[in-house]
Amino acid sequence: MLRANLRPGAEQKVVFITARVHPGETPSSFVCQGIIDFLVSQHPIAKVLRDHLVFKIAPMLNPDGVYLGNYRCSLMGFDLNRHWANPSPWAHPTLHGVKQLIIEMYNNPKINLEFYIDIHAHSTMMNGFMYGNIFEDEERFQRQAVLPKLLCQNAEDFSYSSTSFNRDAVKAGTGRRFLGGLLNDTSYCYTLEVSFYSYIVAGTTTAVPYTEEAYMKLGRNVARTFLDYYRLNSLVERPLAPTPKTRKEKEPLFKGTTLQGQGTSHVGSKLEKRSQTHPKDQSLPTQ
């Protein structure tokens, strides 16, 4: 049986993900790694996602800046996330290439670019959260809120209350803002932010330090949230295999640090435990 994406003439639904446009925001690479590792795994949910969606991922938009140890700028001294409107193939080659690919897909009648997500890390906020755009069309604005609401149900460290929608002039050159204005009303563009240091589980006051594994776990939950969004739950084979982990979780630096919120385990969340039995309803369980 051919996968839905490979059928001749079938429209492809594309999710485009980028990360590390700011080289100092290393947590974004771990989140992106979690997405990639999950999507290429043998997990039943990953198989369904590969059968029905196309994921295009550019895991490092600023490799020169990463190599040089820059915090925000490229080799040429540019903040690449302010040059989406008119990137230069000479001064901003990675941005220029990704933008050209996105435009090419957008103009292809057989491709529906439905999501663009740019992954960042935040130095002052806690938890994971998103930035979205503001539209005059109220219905489109409400539809844009669906994905972060679903992610909030699936990831204990993601905060919908910290998620905001804006069109600040200072953000006009970002990928989220530029592509949100370029693409049509069936496309949704977000910036996914994750804290540099910790998160608080809803209903508790304990700050849980982020680890590499926790960042990658957020990435896995981002990927599996598309199962809910496209209502593909009924296609998942049973029983569900545990979500794959690519790296052993490290012990906290300080033994006295609390890694557990009230009634919720940090390492094995209720989502991942319950997803192994796959309830009969059409969405993954809330925590």
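Residues are numbered from 1 along each chain as its sequence is written, and side-chain values use heavy atoms, with hydrogens and water left out. In this predicted model, local features need pLDDT of at least 70 and side-chain atom pairs count only at pLDDT 80 or more, while totals for chains, interfaces and linings use all residues.

Q: Why is T18 called buried?
A: Its relative accessibility is 0%, and buried means under 20% relative accessible area (exposed is over 50%, partly exposed in between; 1.4 Å probe, protein chains only). T18 therefore counts as buried. T18 lies in strand β1, residues 12-19; strands are DSSP runs of E with at least two residues, numbered from the N terminus.

Q: What makes the pairing of T18 and Y116 a polar contact?
A: Their side chains come to 2.8 Å. The term asks for a pair of N or O atoms within 3.5 Å; within protein, one must be able to donate a hydrogen and the other to accept it, and residues adjacent in sequence count only if both atoms are side-chain atoms.

Q: How do you know that strand β6 is mostly covered?
A: Eight of its eight residues, 188-195, are buried. Both faces are covered, with Y188, Y190, L192 and V194 on one side and C189, T191, E193 and S195 on the other.

Q: What makes β3 and β6 a strand pair?
A: Pairing takes at least two DSSP bridges between two strands, and eight join β3 (residues 111-122) to β6, running parallel. Among them, F115 has Y188 as its bridge partner.

Q: How do you know that β4 pairs with β6?
A: Four bridges join β4 (residues 128-132) to β6, and these strands run antiparallel. M130 stands opposite L192.
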